[in-house]
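Trainee: I have a new model on my screen and would enjoy talking it through with you. Please start wherever you like.

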Amino acid sequence: MAEKIKKQDLPTAARLSVAPMMDWTDRHCRYLHRLLSARTLLYTEMVTAPALVRGGALHLLESNPEEHPVALQLGGSDPVELAQAAKLGAEAGYDEINLNCGCPSDRVQSGTFGAVLMQHPELVADCVAAMAEAQPAEVTVKCRIGVDDQDPEAVLPDFLEKIRAAGVRRVTIHARKAWLQGLSPKENRDIPPLDYDLVLRMRAAFPDLHVSINGGIGTLAQAEDLLAQGLDGVMIGRAAYHEPANILCEADRRIYGEDHAALTPEEAVRAMLPYIERHVAAGGKLAQVTRHMLGLFQGRPGARAWRRHLSEHGHRAGAGPEVVEAALAMVAPEGAHA
Ligand SMILES: Cc1cc2nc3c(=O)[nH]c(=O)nc-3n(C[C@H](O)[C@H](O)[C@H](O)COP(=O)(O)O)c2cc1C
């Protein structure tokens, strides 16, 4: 079972991370990802500070002890409230507390959360300082290169300088702007152009910051290439979710230099069965877990039958591990090519 990671080991863990993704990187998803890679840093979905502090929604902090190293992402803009939420997160056992300064959704904008904070670097500095003061876990930031008509070349260094002065030592930069007006959150993940070069230049300009890059990274080879160019970490979102085995199974060996053999996707499925059994026995639905497993065999003959069987049968009342075993029997053995 994985244990809480030592604070000094987090920068190494952050060489590769799976991005925070609302509705996707829940505790079932993280349990699966941890089986595939022992080393990759995992992030929760964003949890808002008001939900924790004013709403008392502590169930949003639930996780499995196996998930370490795991970071809690918080949304908010009130230093006092964020400090309280960070403390709750540390007490719940998270290794790192991350502040969301990159998410452009309407709901989030309305509360001055997320990407709109790129316009308020002093406030962000106050927030992260208060969060760090309140509890022992490392506080990090995930941001964009700017928003709307901001000039990233000017605002990004200023933003990084201010959070650095407030004590932040690790930042993940989604290498595109967020356009707060006129684009949906989904469009904001694809349409504003990526600028990896600017992130690389920030890495050079801030030698004491650990800089991870995010946005549009689709393979482990691409991640290795960006690390070789001098970045400290690579964060992968959608590709890690849609093709978890393709990104994570080789990560321990290729990114962290481990020589232990990775689990195959089949082995990971079998290792999920006791977890699924416990979840279903506790009254949970099979599909809550299996929806994160649909992409495990991406590229393999039988992958479509696997997905279809889980999608069609995973929602049935009383469905349990036998549905997963039946779906697994439809997948061709490793080595067979699509
Ligand atoms: C379904 C979904 C939900 C997301 N939710 C969050 C979130 O809660 N917090 C956040 O900082 N970013 C969120 N993001 C953005 C991702 O963390 C990431 O920055 C973005 O997808 C770009 O990385 P990628 O190209 O590797 O997917 C979300 C992305 C997706 C696809």
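Mentor: Let's begin with a convention: a crossing is left-handed if the near helix is turned anticlockwise from the far one by less than a right angle, and right-handed if clockwise. Helices (H or I, at least four residues) and strands (E, at least two) are DSSP runs, numbered from the N terminus. The model is predicted, so local features need pLDDT of at least 70, side-chain atom pairs count only at pLDDT 80 or more, and totals for chains, interfaces and linings use all residues. Residues are numbered from 1 along each chain as its sequence is written.

Trainee: Is the crossing of α4 and α6 left-handed or right-handed?

Mentor: Axes are lines fitted to C-alpha atoms, for helices over the stretch in contact, and angles run from 0 to 180 degrees between N-to-C directions. Helix α4 covers residues 79-91 and helix α6 residues 121-134, and their axes lie 8 Å apart at an angle of about 35 degrees. The crossing of α4 and α6 is right-handed.

Trainee: How many residues of the contact of α4 with α6 are nonpolar, polar and charged?

Mentor: Two residues are in contact if their C-beta atoms, placed from the backbone, lie within 7 Å. From α4 come Pro79, Val80, Leu82, Ala83, Ala86 and Lys87, facing Asp126, Cys127, Ala130, Met131, Glu133 and Ala134 of α6. For the classes, Ala, Val, Leu, Ile, Met, Phe, Trp, Tyr, Cys and Pro count as nonpolar, Asp, Glu, Lys and Arg as charged, and the others, Gly among them, as polar. The contact of α4 with α6 then divides into nine nonpolar, no polar and three charged.

Trainee: Which residues of the largest nonpolar core touch the most other members?

Mentor: A nonpolar core is a set of buried Ala, Val, Leu, Ile, Met, Phe, Trp, Tyr and Cys residues joined through C-beta atoms within 7 Å. Here the largest one holds 94 residues, and at least three residues come from each of domain 1 (7-254) and domain 2 (265-328). One of its members, Met131, touches Leu82, Ala83, Ala86, Ile97, Leu99 and Val139, leaving out residues up to four places away in sequence. The members that touch the most others are Ala86, Val128, Met131, Ile163 and Ile236.

Trainee: Which helix gives the most residues to the side of domain 1 that touches domain 2?

Mentor: Domain bounds come from an automatic or database domain assignment, and the centres of domain 1 and domain 2, taken over C-alpha atoms, are 29 Å apart. Their contact takes twelve residues from domain 1 and 13 residues from domain 2. On the domain 1 side, α2 (27-36) and α11 (244-248) each supply at least two residues. With six residues, the one that gives the most is α2.

Trainee: Is Val199 buried or exposed, and why?

Mentor: A residue is buried if 20 or more other C-beta atoms lie within 10 Å of its own, exposed if 12 or fewer, and partly exposed in between; C-beta atoms are placed from the backbone. Val199 sits in helix α8 and is in contact with Ile173, Ala175, Val211 and Ile213, apart from neighbours within four places in sequence. Because 25 C-beta neighbours fall inside 10 Å, Val199 counts as buried.

Trainee: Which residue is 244 residues apart in sequence from Tyr275 and 8.9 Å apart in space?

Mentor: Tyr275 belongs to helix α13 (residues 265-281). It is partly exposed because 17 other C-beta atoms lie within 10 Å. The residue 244 places away, with a C-alpha to C-alpha distance of 8.9 Å, is Tyr31.

Trainee: What is omega for the cis peptide bond that joins His68 and Pro69?

Mentor: Most residues other than glycine have a negative phi, and most peptide bonds are trans. Pro69 is placed in the loop between α3 (49-53) and β3 (70-75). For the cis bond from His68 to Pro69, omega is about -5 degrees.

Trainee: What is the positive phi of Asp23?

Mentor: Asp23 is in the loop between β1 (16-18) and α2. It is exposed, because 8 other C-beta atoms lie within 10 Å. Its phi, positive in a residue other than glycine, is near 75 degrees.
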